Amino acid sequence: MTTTELIRGACPHDCPDTCATITEVRDGRAVAFYADKAHPYTQGWLCAKVRPYLERVYSPDRLLHPLRRVGPKGAGQWERISWDEALATIADRWRGIIAEHGAAAIQPYSYSGTLGLIQMGVCDARLWNRMGAGGLDRTICCSAAHVAVAATIGARHGPDPADVLRSRLVIIWGNNPASSGPHFMPLLRQAQKAGAYVVVIDPRRTTTARSADEHIQPRPATDAALALGIMQVIFAEGLHDEPWLEAHSQGWRELRERAAQYPPERVAQITGVPAETIVGLARRYATTKPALLKFADGMQRHANGGQAVRALCCLPALVGQYGVPGGGLAYSTSGYVRWDAEALGHARECPPTPRAVNMNRIGAALLGEVDGPPIMSLFVYGANPVASAPNAGLIVRGLMRDDLFTVVHEQFMSDTARYADIVLPATTQLEHADLHGAYGHRNLQYNQPAIAPLGECRSNWDTMRSLAAAMGYAEPWLQQSAEEVIQELLAATAPASPYLEGVSFERLREQGTVPLHFSDEDYTPFAGGRFPTPSGRVELRCPAMTAHGVDPLPDHVPAAELEEDDRSALSPQPPALTLISAASHHFVSSSFGNQPSLRAKEGAPFVEINPEDAAARGIAHGDTVRVESARGWCRLRAVVTADVPPGVAVAPKGQWASLSPDGRNVNWTTPDTIADLGGGSSFHSNRVRVSPA
Ligand SMILES: Nc1nc2c(c(=O)[nH]1)N[C@H]1C(S)=C(S)[C@@H](COP(=O)(O)OP(=O)(O)OC[C@H]3O[C@@H](n4cnc5c(=O)[nH]c(N)nc54)[C@H](O)[C@@H]3O)O[C@H]1N2
Ligand SMILES: Nc1nc2c(c(=O)[nH]1)N[C@H]1C(S)=C(S)[C@@H](COP(=O)(O)OP(=O)(O)OC[C@H]3O[C@@H](n4cnc5c(=O)[nH]c(N)nc54)[C@H](O)[C@@H]3O)O[C@H]1N2
Ligand code: SF4
Ligand SMILES: [Mo]
């Protein structure tokens, strides 16, 4: 008799929602996949991307065996080899490179194909530490915000998303949850129905903006000015919460002086937002409570993104909203559990990391921009830099280097895998174990493997273990099972973490989802005005910023590339546009960008352009256009729409270059300039010319 097993899991993709999933397994095959109804945030539904997950798992395009390149780099000619041969080849090459250049010349590159503690976290640490390989600064997504948030309020602590039901005002600032974290939307709708006023601040009229009570469209990269303008009005009209600021903040009088430089008229000039709108928003923010300010990482992917986030983090303090249920700041909940670093990486038993490469500069680094030896081997896993990292043309040039030995561990023949010397097949979430925190809610989830690995696929961790053995590393912490590593991490982390009270591996395995533990005192982040900063206060003036080379007070520093005056009096060309390339609705970064049903829904790669800008360039709706920056170009289909304001264009990230008609995607144009804080990315500080192709 055949029985059906129900296996609990967690969605591993880079999304704040970290949904709880159920896989139905019969005769070793997954036959159904759906949301866990018991999970408080998943609420029994999955997004359009992940609902058809079995299409991904059982796709005929899955890589099932190791491959060796037999033609020129990038030509797509492969022969199948065994894992033993692949591992021996890699270990041989690496030993040679280590002997000649040192282990710094071996560069791992990984990011958010999976957010699992094991497959993303431990796999970024143990093997590479043991080897003394080159470090990777994982800066592509959110590092400017992480530094700004940590410096200002001390930790990425955030409310339970359901607390929005207590809010009377919700300002969603540069965040598009309708696409990027959809489980927030039903709660937002419910809050709005109960009378909360919803404001969206985004240059683009997004799906989220469409349903707001008010949509404010600043010019890209002017958010710090807008926030300071709001502060100016609040201070000037005496609407600030002075007793709260006195008791719980540092530097509010200096911030008031800084804000005084941003009266509404000046801010209107910088941001393009009318002065009355700024005054209206400031008054509303200061007088409607509880007021929640929610932002995410999209708005900080600018050259000045760090300071913009600093400014946003100051706002709730001015109106005394930190620590108020339904008020405060909703950025991320990922800071509650800080996994014990030593258990994660065993760094103390290893040589020091010789250097680190900022992943935003991977193209330049491959072409020699490194301290010390050149990168001689690149090992990519859980990432697709050719599709997702900035200035892709430069990355491809780097990958074409004859003397570079590239290994890519992937589920699919991605834009990046195409340039590999060796391709290794990777498991999907249904085929491996992992533990997941979330950045949009406050639960831990265990992902139990539902089916055996397809073909010869191995998980990231099993691949690391195999590589460790091939290199002759005998440390037991390079050979444990994923389950053992999870137990080690829980045991090492729990004693110092009040939020892990009552969490055990047994409970996780049994229940799938276990909520973090909150006492009445710390249920609401920063309750009582307590902040885990050096001063114990919210640091409006933040001395630590000086070490980052940034003003200790938030300020608007224009994003250099966006300020270039490219209108020559002699040139008949229309001016360049600012190109935002934020989340697509049907992909997660480039993940899913090859899934036929989702590609059909997303449509051919497009760029949105305002009717005025289209007319000035002789572009009609549906035309193929050339989008070109100082770095490179790509061709996209023009969508002429008033959803984007004049001067701005929008081309979502995530399309695969190799599946696009011109073999390129939007990242051939994006800047690899480093942002003002945390080595962050600046994808959207991108000046492009758009012309008929
Ligand atoms: N469907 C889907 N979901 C995703 C992803 C995906 O690719 N697709 N990506 C995932 C990842 S990796 C992340 S980090 C999160 C990101 O989550 P979000 O930050 O919500 O997503 P983004 O679309 O990157 O950016 C949000 C908005 O910022 C706006 N924006 C850009 N520049 C500015 C600016 O200067 N000022 C303001 N105010 N707004 C600006 C964009 O127009 C965009 O609508 O989403 C995750 N979820
Ligand atoms: N233009 C533009 N580009 C952007 C952004 C933007 O706003 N604009 N946003 C950036 C952001 S926020 C992010 S987070 C990055 C994300 O960039 P990346 O981290 O490179 O993520 P993806 O492009 O989704 O590629 C992940 C790859 O990992 C593979 N994968 C999934 N699970 C596993 C696994 O378990 N093992 C292995 N070995 N492979 C696996 C998938 O098949 C996929 O090809 O993209 C950035 N790129
Ligand atoms: S991508 Fe996000 S919304 Fe979709 S299933 Fe995964 S966690 Fe849930
Ligand atoms: Mo991201």
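# Reading strands and sheets in a predicted model

Q: Which residue of strand 10 stands opposite Ile 201?

A: Ile 201 stands opposite Ile 216 in strand 10, where strands are DSSP runs of E of at least two residues, helices are runs of H or I of at least four, and both are numbered from the N terminus. The model is predicted, so local features need pLDDT of at least 70 and side-chain atom pairs pLDDT 80 or more, while totals for chains, interfaces and linings use all residues. Residues are numbered from 1 along each chain as written, chains are lettered from A and ligands numbered from 1 in the order written, and side-chain values use heavy atoms, without hydrogens or water.

Q: How many bridges join strand 9 to strand 10?

A: Strands of a sheet pair through backbone hydrogen bonds, either parallel or antiparallel; a pair needs at least two DSSP bridges. Here strand 9 and strand 10 (residues 214-216) run parallel and are joined by 3 bridges, while strand 8 (residues 169-173) pairs with strand 9 in the parallel sense over 5 bridges, with Val 199 as the bridge partner of Ile 171.

Q: Is strand 9 largely enclosed or left open?

A: Buried means under 20% relative accessible area, exposed over 50%, and partly exposed in between (1.4 Å probe, protein chains only). In strand 9 (residues 197-201), 4 of the 5 residues are buried, so the rest of the structure largely encloses this strand. Across the protein, buried residues make up 62% of the 693 residues.

Q: In what order do the strands of the open sheet stand?

A: The order of the 6 strands is 5-4-17-16-15-6, with mixed pairing. Strand 5 (78-80) and strand 6 (106-110) are at the edges with a single partner strand each, so one side of each has no neighbour in the sheet. From one strand to the next the twist averages 20 degrees. Within this order, strand 4 (residues 67-69) pairs with strand 17 (residues 422-425) in the antiparallel sense over 2 bridges, and Arg 68 stands opposite Ile 422 in strand 17.

Q: How many helices and strands are there in the protein, and what does its radius of gyration say?

A: The protein has 25 helices and 27 strands. Its radius of gyration, taken over C-alpha atoms, is 25 Å, close to the 26 Å that the globule rule (2.2 Å times the number of residues to the power 0.38) gives for 693 residues, so the protein is as compact as a globular protein of that length. Along the principal axes, its C-alpha trace spans about 70 × 65 × 55 Å.

Note on methods:
Axes fitted to C-alpha atoms, helices over the stretch in contact; angles between N-to-C directions.
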